[in-house]
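Okay, thanks for making time, everyone.

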Amino acid sequence: NDSPFVYPVVVDTKKIKTNKINFAKAVLAEGIGLNPHYRYLVSDWPWVKKYLKDNFVPKNAKDIRDKTFNLYLNENYKKKEVKDTINAILKVENYFIKRNKVH
């Protein structure tokens, strides 16, 4: 459930018409290890504000965090894990695309 190696996956919410957390949770439900929403931007921690030197807002970091989820990777992954991951993402993407065409 955790990995030192991650790969950010950008979710095009205009194409799938759901938020990236719902999308990521659906991929997770397919058995793919991932973090749906990165929560470790120090600037978001209310208790740390008094220790920061300024009020800098990391806009680029927040922007990429808000449209990505992090796939957990393992150096022992083989082609099977790559195929499983791609197939799960495509399955979830197709579900949300088809669901949105009906609505």
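β3 (68-73) and α4 (79-102) each give at least two residues to the lining of the largest pocket. Helices here are DSSP runs of H or I with at least four residues, strands are runs of E with at least two, and both are numbered from the N terminus.

Before I go on, the housekeeping. This is a predicted model, so to speak of local features we need pLDDT of at least 70, side-chain atom pairs count only at pLDDT 80 or more, and totals for chains, interfaces and linings use all residues. Residues are numbered from 1 along each chain as its sequence is written, and side-chain values use heavy atoms, with hydrogens and water left out.

Back to the pocket. Which element supplies the largest share of the lining? That's α4, with 5 residues.

Next, helix α2, residues 20-29. Its buried residues are Lys20, Phe23, Ala24 and Val27. They sit on the same side of α2, because they cover an arc of only 95° around the axis; the arc is taken from the directions from the helix axis to the C-beta atoms. On the other side of α2, Lys25 and Ala29 are exposed. The cut-offs are under 20% relative accessible area for buried, over 50% for exposed and partly exposed in between, with a 1.4 Å probe and protein chains only.

What about the ends of α2? At the N-terminal end, Asn19 is the cap, with a side-chain oxygen 3.0 Å from the backbone nitrogen of Ile21. After α2 comes Gly31, with a positive phi near 95°. In the loop between α1 (13-16) and α2 we find Lys17, which has a positive phi of about 60° although it is not a glycine. Lys17 counts as exposed, at 55% relative accessibility.

Now the rings. How many aromatic pairs does a search of the whole structure find? It finds 5. Rings of Phe, Tyr and Trp (its six-membered ring) pair if their centres lie within 6.5 Å, and planes under 30 degrees apart are stacked, over 60 edge-to-face and the rest tilted. Take Phe23 and Phe69: their ring centres are 6.1 Å apart and their planes are at 40°, so this pair is tilted. It links distant parts of the chain, with Phe23 in helix α2 and Phe69 in strand β3, 46 residues apart. Phe23 counts as buried at 5% relative accessibility, and Phe69 counts as buried at 1%.

Then there's Phe23 with Phe96, where the centres are 6.1 Å apart and the planes at 40°, so that pair is tilted too. Phe23 is in helix α2 and Phe96 in helix α4, so the pair ties together parts 73 residues apart in sequence. Phe96 is buried, with a relative accessible area of 6%. Ring pairs join Phe23, Phe69, Tyr95 and Phe96 into a cluster.

Last stop, Arg65, in helix α3 (residues 59-66). Buried or exposed, this Arg65? Buried, at 11% relative accessibility. Its side chain makes a polar contact with the side chain of Asp44 at 2.7 Å. A polar contact here is a pair of N or O atoms within 3.5 Å; within protein, one must be able to donate a hydrogen and the other to accept it, and residues adjacent in sequence count only if both atoms are side-chain atoms.
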